[in-house]
Amino acid sequence: MTAIVAGKEASQGLSWGAAWRIARRDLNGRFKGLRLLLVCLFLGTGALAAIGTLTAAIEGELANRGQVLLGGDLEVEVWQRDLSDQERGVLSEYGRISGGTRLQAMASTGENAAPIELKAVDKAWPLYGTLALKDGRNAGAPAAGDAWLAQGAVDRLGIAVGDRFTIGGIPLRAAGIIEDEPDRLSEGFQLGPTVIVPSNFPSEAGLLAPGAMYQSKYRIAFDSSREPEAVQSVLEDQFPNAGFEYRTRDNASPGADRFVSRMGEFLTLVGLAALVIAGIGIGGGVSSYLEARRTSIATLKVLGASSRDIVRIYALQIGAAALLGSALGLVTGVLVTPLLASALDGLLPVDRTFVVEPVALLIAASYGMLVALVFAATPLLRARQFPAMALMRARIVPLARDGRALAWVLGGMAGIVALALITARQPMLSGGFLAGAAVVLGLLALLGMGIRKLAAVIPRPADPLWRNALANLHRPGAATGALVTALGFGLAAFVLLAAIQSSIDGNIERRVPAEAPDYFVLDIPRDKVADFRSLVAAEQPAAQLRTVPALRGAILAYGPKDAMIRVADLEEIPDGAWPLRGERGLTYSDELPAGNSLTQGDWWEPSHGGEPLVSVDEEFARAIDLKIGDYLTIGLLGVERSAKVASFRRIDWESMGFNYVLVFSPNAIRDAPHNLAATIDLPDGAPTGPLLRQLVRNFPSSSVIEIGQVLAEARVILGQVGVATFAAASVAVLAGLAVLIGAIAAARAVRTYDTVVFRVLGASRKQVLIMQLAEYGALAAILAVVALGLGTGLAWLVVVQLFEFDWLPDWGEILGVLGLGLLFVLGFALAGSLPLLRAKPAQALRAL
C-alpha cells in the first residue's frame, strides 16, 4: 500500500508501471475469477482464427494452383463432337494445347464389372502439374494398351497392377494406380472411379459413335502473358455458335468456389455468433470478478487510490487475461486447421499441414480484444466514481451504472462493425448479422425488463417459497436481465446446432429416394433397342424398363419471337435460371413424361407434324419470365433450332428418374444424331450381377450406372458437409455453455447475502434450493420459447439461404436437445447452489 501513497505524492496518480505491479500481485496465477473471460475469448478468437486460416488456405490453393487444378490457363469443352482442325488451329495460336474426351463407360473382367469415368488424354497431358502413381512414379498419358486406374476401379474390378480388363470390348492392362490426379477437382462430380487411357482409345472402342454422350476437352497453356478472360472473349466472338463452354484458371472449379463461398459465409456467421455469445460471457465474468474484488477496491480507495487508479489496475488485470485467452485461441485455431482440412478432404484443395495466415490471425485477435472492450467496459467503469462506503454496501445497495462507459462501448462497437465491413467477403451479410445480433440483444434486454415488471405486478403466490422465488426476479439488484440474455443466447445455440444438423441429415435422407431405379444405362444405340429390351426381359422378367431419347444442347435465346434475348448478351444469369449455364440434357416425347404434370398450356398430339414445340419446367420459365407462345432457340451439335413454348410442367425432381427441363415434340430434334438412355428397376431381392455382366458383354459401348454407388458418393459428400457444419456450430454451443455457467455463477455470488439471511431466519436447505430451482425454472421455461424461435431462425438462414438445402428439421430432435439444455441449466443451478447451502451463516456474514 505504501506504493500507492508514494505514487500519488509524486504524480497525483498511479503510473502504469505502479498500477501493473499492484495488478500483478493481486492477479492470481491461475486467473481465478477471470476464467470465464479466458474461456469465452479463447472460444471466440479460436473460432475466428480457425475459420480465417482454413478459408485463406483454401482460397490460396484455388488461386495459386488454378493452372494445375484446371490443367491449363483456359479450357474449352463441347459435347458430342470433337473440335475441328480449324478450331484446334485457332487454339494452338495461343500456346500449347492438350485435348481428350470424358465419358461414362463400363470396365469389366471375367467376373466383375464396374461403371467408370473414362478420361482419354493425349501425350501433352498434363500441361501443368504431375500425375503421381502409388508406386512412386510420375507419369503422363499411358502407353497404348495401358491404363491408369483409381483405387476404386481396382477394388471394384478385383484386379491388381499388371492384370488385364476390358472397356468397350477392348483389352487394357492396369499399368498403375492413381495417387494424385492434378486436375481431378476441375472434372466435377463423378459417377464412377477414374480410368485414364490414351486419347485414341475411345474411338477405337466404338465409344464415340454419332449420338454418344461424351465431352471433348481442350486445355491451353499460354505461350505468353495473357488474360484468360480476354482470350475467351475473342473465342466467343470467333465461334459464337460452336456450343463451347469455357473455364479459366481463375475459375478452375466453379463448384469448389461456390462451396467455399457458402461455407465461408456460414463460418463467418458462426465466428461472429460465437464472439457475440462470448461477449455476453465476458460481461458477466468481469462483473462477477469485480464483485469478488469489491473489498479490495474499497480498501484501495480508503488508502487514497483514485477512480482512475482503480480503472488502471483492474483494466490491466482484465487486459492480461484477455490477451492470454486470445493468444491461446489463436494457437488453437492454427492447430485445429489440419483437422478441419481432413474433414473436407476430397471436396476442396487444402493443405492438411499447419498453416499460419497472419492477416486472418490479426483479424481474429482484433475482434477478440474489441469484444472484450465492449462487454468489459461497463462493469469496469461502474464503480470508479463511487466512495468506498458505497462499495462496502454494494451487496445491499447495488451500484448505479456509469454513463461514461457508453462512450467506450459505442467506440468498441464501431470498431467491430468497421472491422467486419472492411474484412468480410460478404460485407452486407456480416453487417446484417451484427445488426441482427444488436436487435436480438435489445429484444432480450426488453424481455428481461418485461419479466421484472411482470413479476412485480402479478398476484403473489400463497406459498412463501414460490413468493420469494418470484420476488427474486424483480428485487433490487436482481440478475434477471443478465440471466435472460445469457440463457436466451445459450439455449439458442443448442437449438441452432440441432436444427442445422437434423436438417442436413434430412436432406441426405430426402435426396436419397426410397424408390429409385437400380440402373441408369446410357448410349443405347437406337437400332438395338429391341435387343436391349429382350436381354433385360430374359435376365429379369419382372424388371421395369423405361427408355428415352437422350441429347445435349445449350439454350441460346428465349422470349417473344420478334424480341428474343440472347443468353450470350446477358450480363448476369437470373436467379433460378441454372439451365442457361452451358449444355443440358434434352429429349423428345409424344407423351407427357412420367412424374411430370402440366400446369399451363397443352400437350401436343401424338405424331405432331406442325411447328416444332417445347414444354418447359415451370420454375425455369418463371425465372426467365417465359410465357406460353414464346420461343426457345437451342444449339444442338453446332446447329441452331427453334421451338415454340407450348406448355409448362411441374417436375418431381426427387423421383430419380429421367427429368428434363426441356421436352420437345419429336419433329423438333428427332433427326439429330443421338442414342437412348434407360432406367432399370429390379424386383426386391433380385441379384444384380448377372444382368450387369450381360449388359457389359452385349452392349460394350453403353454405360451402366449403379444408382447405389452414386447415392453412396452423395451421402459421403453431404456427410462431410454435415461434419464441417457440426464442428463449426459446436463452437457456438461451447460458448453458450460457458455463458450459461458464468451467468449462473455470477448470480450465485450476488445471491450469497440472500441465502445467508434466509438461513438465519430459519429456512431449511431444501427450501432455499426449491426457491433457486423455481426461479431458474420459470426463466428457463420462458426463454426456451425465445431460444426455439431464435435458434431455428438462424438455422433456417444457414440451411436455406447459405447452403441452398431444403428446410427439413427434425422437430423431435430439436425439442429433445432444447430439453437437454434446460436440464443442464437446472442441473448447474442446483450444483451452483450447493456450496451456499453448506456455508455457515456466521462465517458468511463476517465475509460480507
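In which helix is Leu535 found? Leu535 belongs to helix H18, which covers residues 529-539; helices (H or I, at least four residues) and strands (E, at least two) are DSSP runs, numbered from the N terminus. Residues are numbered from 1 along each chain as its sequence is written.

The predictor's confidence in each residue is given by pLDDT, from 0 to 100. For this protein the mean pLDDT is 78, and 79% of the residues reach 70 or more. Over residues 1-11 the pLDDT is below 50, although this stretch has 16 contacts in the model beyond near neighbours in sequence; a contact means heavy atoms within 4.5 Å. Where pLDDT is low, the predicted coordinates should not be read in detail.

Leu535 counts as buried because its relative accessibility is 11%; buried means under 20% relative accessible area, exposed over 50%, and partly exposed in between (1.4 Å probe, protein chains only). Beyond its neighbours within four places in sequence, Leu535 touches Leu691, Gln694, Leu695, Asn698 and Phe699.

The buried residues of H18 include Val529, Phe532, Leu535 and Val536. Seen down the axis of H18, its buried residues fall within an arc of 125°, so they line one face of the helix; the arc is that of the directions from the helix axis to the C-beta atoms. An α-helix has 3.6 residues a turn, so residues three or four places apart point the same way. Ala530 and Ala538 are exposed on the other side of H18.

Among the elements that cover the buried residues of H18 are strands E12 (519-524), E13 (544-559) and E21 (675-681), together with helix H21 (689-698). Strand E21 is largely enclosed by the rest of the structure, because six of its seven residues are buried. E21 pairs with E12 in the antiparallel sense over four bridges, and two strands pair if DSSP finds at least two bridges between them. In this pairing, Tyr519 stands opposite Ile680 in E21. E13 and E21 also pair in the antiparallel sense, over seven bridges, and Val548 stands opposite Ala677 in E21.

Conventions. This is a predicted model: local features need pLDDT of at least 70, side-chain atom pairs count only at pLDDT 80 or more; totals for chains, interfaces and linings use all residues. Side-chain values use heavy atoms; hydrogens and water are left out.
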